[in-house]
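Subject: Handover of a structure

Dear colleague,

Please find below the structure that I am handing over to you. My notes on it follow directly after.

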Amino acid sequence: MIYKFIGHFHPLLVHIPIGVLLLAFILEFFVIKKKAVYSFIIEITLLIGCIAGILSALLGWFLSDSGEYDVALLIRHQWLGISLCCTTFFLWGLKKFARPEAVISRAYTPLFFVTMLLLLLTGHFGGSLTHGEDYLSFQAMEQEEKKNAAASVQKQIQITQITPDLTVYKSLVNPIFTSKCTSCHNEKKKKGNFQLHTFELLLKGGKSGKKMIADSVENSELVRRMLLDKNEEKHMPPKGKRQLTKAEIDLIYWWIQNGASPEKKLIAVKTNDTIKAFFANQESVIKPALHLQNVKEANPADLLPFEKIHWLVKPVSKGSPFLEVNAINVPSLNDTYTTLLLKIAPQVAWLQLADTKITDAGMADIAKCPNVLKLNLKNTGITNASLQSINQLKQLEYLNIVGTGIDDIGLLQLNVNKSLKKLFCWDSKITKEGVARFKAINPSVEIDFFNQFLN
Amino acid sequence: MNELFDLNYQKKRRDFLRGTVLGLGGIALDSLLGCKQGNSEKLKGGNLEQDINQPLGGPHFVPTAKRVIYLFQNGGPAQMELFDYKPTLYKMHGKEIPESVIGQNRVSGMVSNQYSFPLAMPASSFSPFGANGTYLSELIPHTASIVDDLCIVHSMVTEQINHEPALIFTQTGNQLSGRPTIGSWLSYGLGSMNENLPSFIVMLSKGGDNSQISNAAWSSGFLPSYHQGVQFMPGKDPVLFLNTPDGVDRMDRRRALDFIKNFNQLQNEKFHDPEIESQITQAEMAYKMQLAIPSITDLSDEPQYILDMYGPDVKVPGTFAHNCLMARRLAEKDVRYIQLFHLGWDHHGALASGIRRATKQTDQASAALVKDLKQRGLLDDTLVVWGGEFGRTSFSQGKLTPDGFGRDHHPGCYTIWMAGGGVKPGIVHGLTDDFAHNVVRDKVHVHDFQATLLYLLGIDHEQFIFKSQGRRYRLTDVAGNVIHNLIA
């Protein structure tokens with residue numbers, strides 16, 4: 001166990017011989033002046049390179065035991081590495097012991113170049129083992145990207161395009177694997193000794209045995225890994241990679257639960273709820289948002305005065321620049337404070353001033369907040385004079401003037417552009433007739449006015 | 001004393017470090033080998049995994065509801081007597097419930113030894129109401145008058161067949177008590193708007209029946225304890241032990257609180273126990289509530305016609321009607337979650353008279369609450385939920401007599417309604433079979449209901465997680481889908 005773990009240090013240690021031997025090479029052939037001074041350094045460097053190389057090879061041997069690698073590539077890397085150790089050892093021997101005039105010294109320079117070549121090849125194959133053979137290929141990278149794009153296009157086949165020859169595996173399940181799994185589990189790079197680019201290999205499983213048991217999602221490691229919490233180490237795809245969507249997980253789950261057969265025809269199950277949900281692509285349900293032109297976030301410094309007087313200011317949702325301004329904790333709020341709103345005027349979307357001491361004078365400042373969607377003035381001191389200010393709010397959807405001094409004349413002054421949807425005017429000076437007249441002009445506005453309780 | 005304690009504390013720590021055979025090296029190796037620190041999240045003030053278990057601070061996306069009033073009808077209102085009109089039941093009165101309908105469904109121990117399951121005709125008549133001609137019972141005329149504002153769900157399904165587990169399941173997402181309730185989750189996740197009132201208030205109404213519910217129904221579970229529901233009691237003292245004792249001045253109380261707070265903070269710096277913070281927060285909240293509560297409970301500013309809306313019971317503290325009016329007053333003060341419990345729907349026998357009593361106590365006030373919220377513009381962002389923990393069987397429990405018959409618990413389908421807060425008004429969702437026994441279409445599981453409720457408040461139920469004792473918890477546990485058909 002422990003030697004296996006030490007083996008993991010192989011990719012770390014190999015950088016020492018690479019660096020050190022390169023240094024020796026540079027010192028030997030690219031430094032022209034004071035050759036004699038460097039001679040000893042080159043000798044020592046070669047020795048260090050040789051020792052580090054042998055150690056690396058040893059660790060590499062341990063690492064190869066895990067069996068996660070392509071064998072052909074591994075063998076090549078292994079023998080190249082061993083040869084490299086040998087040539088380095090000979091180089092050091094020549095440098096230290098051979099007299100310059102001896103015949104054998106003539107082999108020094110060619111041997112050095114051979115060593116460098118070996119170093120290059122060993123390093124390259126080592127890299128291929130760790131990162132995959134395609135890692136350094138521009139073409140392969142391009143192909144990979146095309147394949148991913150194709151996979152996502154393939155996923156988008158419509159439910160109406162199903163032909164009798166399509167199978168669930170080929171047309172739905174495999175494309176999911178191709179787009180989200182096979183970048184690590186493919187023919188060249190089999191992490192955990194598991195490959196799932198073909199059905200046979202998917203069935204075969206990996207290092208820890210079978211990954212998929214047909215009819216039994218409970219015992220299928222594949223499903224367990226997908227459903228694990230994102231932060232768990234064993235979760236697949238790993239954190240940071242493109243994750244499976246809920247619809248994709250549901251589909252794979254359903255497919256395994258129902259036999260995991262490569263032959264299952266898509267057309268036979270197209271009325272199934274899971275398949276329908278997959279096609280309906282339910283994860284793309286748009287989350288509610290405000291229909292406003294985006295603005296930049298308010299300056300936090302402008303929010304401090306609100307905090308000081310307990311005037312609640314919060315984003316309407318996480319990360320939204322728009323603010324909900326709520327005076328529930330400041331019933332004493334009066335017109336002297338409304339100027340605070342001017343600093344955050346573009347951001348104010350919901351303004352709740354119910355039961356405060358705001359009057360018509362304060363409304364002038366509120367009129368300068370162009371993005372107010374909801375305005376609650378319930379039980380404030382506003383009168384008909386405020387209508388002019390309210391009319392300036394072009395985005396207003398919700399207006400609450402319950403319990404205010406606004407009357408029928410004021411209501412008729414309310415210049416309703418298309419935005420207003422809901423008006424609440426109960427307990428104000430507005431009468432039933434006033435509401436009826438307003439409704440005749442503005443049929444699209446929903447008015448709540450429980451007048452029957454007044455009589 | 002304190003210094004001695006400090007010395008002792010530090011000595012222990014040093015011994016521990018020295019005693020660790022491998023010393024710091026061992027600890028370093030530990031992290032190299034990828035061993036995870038298990039209990040670190042418990043030390044809230046510690047430097048490890050601090051980002052876990054932080055309240056949301058705000059909704060994930062734009063909410064349509066800011067508050068919830070949940071009118072919980074404990075006992076299990078009979079769906080076929082109130083909402084789910086099934087002419088077949090009248091036609092087949094007295095006949096055995098078909099085997100194909102009852103199937104392998106679980107029945108409670110109370111009827112499992114019954115040899116005959118005769119269908120019982122509903123003890124009420126139905127007629128159409130509202131713009132869509134929705135059939136509703138004569139027993140709920142007031143609810144019928146607001147049917148165009150209601151989103152009625154006929155296809156609710158639960159997993160529990162007994163009261164307490166079913167209630168706890170609805171409130172916490174798990175049948176066993178000990179997990180946080182909906183109100184606690186919301187208080188924890190979204191925080192309070194009104195700083196002088198708790199964000200989760202509970203009221204039990206009297207006059208139903210003698211059954212009991214445990215306070216696990218408003219527990220905060222593993223969440224910090226200041227998120228648990230604060231119970232309002234009927235009578236002079238709505239919140240127990242809140243008033244300052246005779247002879248103690250409010251300034252004295254303030255000084256005492258400040259002094260205790262200092263001590264608590266000293267302790268908190270040392271131990272970082274979240275419960276110390278809870279203690280500080282709760283004491284402060286109680287102090288603020290001393291001023292805020294009387295203005296909530298004093299109904300003298302309510303005009304007579306508003307009181308009349310809620311019905312004659314409204315002036316009797318502790319009745320459902322009174323609690324409904326209180327709920328509206330609390331909603332006006334931006335209390336996040338108001339939970340009412342009405343007991344008295346458990347009609348195992350004498351259903352005909354029992355359900356008449358229960359509807360008389362609840363129907364008018366429930367409808368009045370919706371109307372009252374609506375005229376004030378509050379229904380727009382307040383979600384009102386009306387419903388129990390399960391439904392009742394379409395067959396009779398015990399002998400089928402006109403007055404004496406009863407119905408047993410039935411988790412397979414039941415009806416709830418919602419109003420406001422962004423739900424679709426004037427719709428009926430889901431379909432049950434001709435016997436109101438099984439769901440035929442658009443099943444809404446309790447977890448789906450919870451997921452939808454959170455969605456209306458702007459919360460993605462799958463992202464709203466609290467880690468406790470090494471396990472991540474959600475209100476919807478590992479299930480639940482938002483029912484988008486219920487949302488406007």
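**Chain A as a whole**

In chain A, 60% of the contacts with a separation of 6 or more are between residues 24 or more positions apart. Please bear in mind that this is a predicted model. The secondary structure of chain A amounts to 18 helices and seven strands. Its C-alpha trace spans about 120 × 70 × 40 Å along the principal axes. The radius of gyration of chain A is 37 Å, whereas a compact globule of 455 residues would have one near 23 Å. Of the 455 residues in chain A, 43% are buried.

**The interface between the chains**

The size of an interface is often given as the accessible area lost when the parts come together. Here the area buried between chain B and chain A is about 3,300 Å², and carbon and sulfur atoms give 53% of that area. Three residues, B:V62, B:Y305 and B:Q375, supply 20% of the area that chain B buries against chain A, which is more than any other three residues.

The rule finds 13 residue pairs in polar contact between chain B and chain A, both residues being at pLDDT 80 or more.

The salt bridges between chain B and chain A number three. One pair is B:D380 with A:K422, whose closest N and O atoms are 2.5 Å apart. A further salt bridge is formed by the side chains of A:K378 and B:E332, at 2.8 Å from N to O. This pair joins two chains, because A:K378 lies in the loop between strand 4 (374–376) and helix 16 (387–391) of chain A, while B:E332 lies in helix 12 (residues 320–332) of chain B. Both A:K378 and B:E332 are buried.

**Salt bridges and their network**

Side chains of opposite charge can pair when their charged atoms come close. Over all chains, the count comes to 31 salt bridges. A:K378 and B:E332 belong to a network of salt bridges that also links B:D301, B:E302, B:R328, B:R329, B:D372 and B:R376.

Two pairs within chain B deserve a note. The side chains of B:R67 and B:D334 meet in a salt bridge of 2.8 Å, N to O. This pair links distant parts of the chain, 267 residues apart: B:R67 is in strand 1 (residues 67–74) of chain B, and B:D334 is in the loop between helix 12 and strand 7 (337–343) of chain B. Both B:R67 and B:D334 are buried.

The other pair is B:K374 and B:D149, with the closest N and O atoms 3.1 Å apart. B:K374 lies in helix 13 of chain B and B:D149 in the loop between helix 6 (141–145) and strand 4 (150–157) of chain B, so the pair ties together parts that are 225 residues apart in sequence. B:K374 and B:D149 are both buried.

Is B:P63 buried or exposed? B:P63 counts as buried because its relative accessibility is 9%, the limit for buried being under 20%. The residue is found in the loop between helix 2 (23–32) and strand 1 of chain B. Not counting residues up to four places away in sequence, B:P63 touches A:V316 and A:W350 as well as B:L456, B:L457 and B:G458. Its C-alpha atom is separated by 29 Å from that of B:N215, 152 residues apart along the chain.

B:S225 has its place in the loop between strand 5 (200–205) and strand 6 (230–232) of chain B. With a relative accessible area of 16%, B:S225 is buried. The side chains of B:S225 and B:E275 are joined by a polar contact of 2.6 Å. Leaving aside neighbours within four places in sequence, B:S225 is in contact with B:S220, B:E275, B:S278 and B:Q282.

With kind regards

Key
Residues are numbered from 1 along each chain as its sequence is written. Chains are lettered from A and ligands numbered from 1 in the order in which they are written. Side-chain values use heavy atoms; hydrogens and water are left out. Buried area is the accessible area (1.4 Å probe) that two parts lose on being put together, summed over both. A salt bridge is a side-chain nitrogen of Lys or Arg within 4 Å of a carboxyl oxygen of Asp or Glu. A polar contact is a pair of N or O atoms within 3.5 Å; within protein, one must be able to donate a hydrogen and the other to accept it, and residues adjacent in sequence count only if both atoms are side-chain atoms. Helices (H or I, at least four residues) and strands (E, at least two) are DSSP runs, numbered from the N terminus. The radius of gyration is taken over C-alpha atoms; the globule rule is 2.2 Å times the number of residues to the power 0.38. Buried means under 20% relative accessible area, exposed over 50%, partly exposed in between (1.4 Å probe, protein chains only). Contact means heavy atoms within 4.5 Å.
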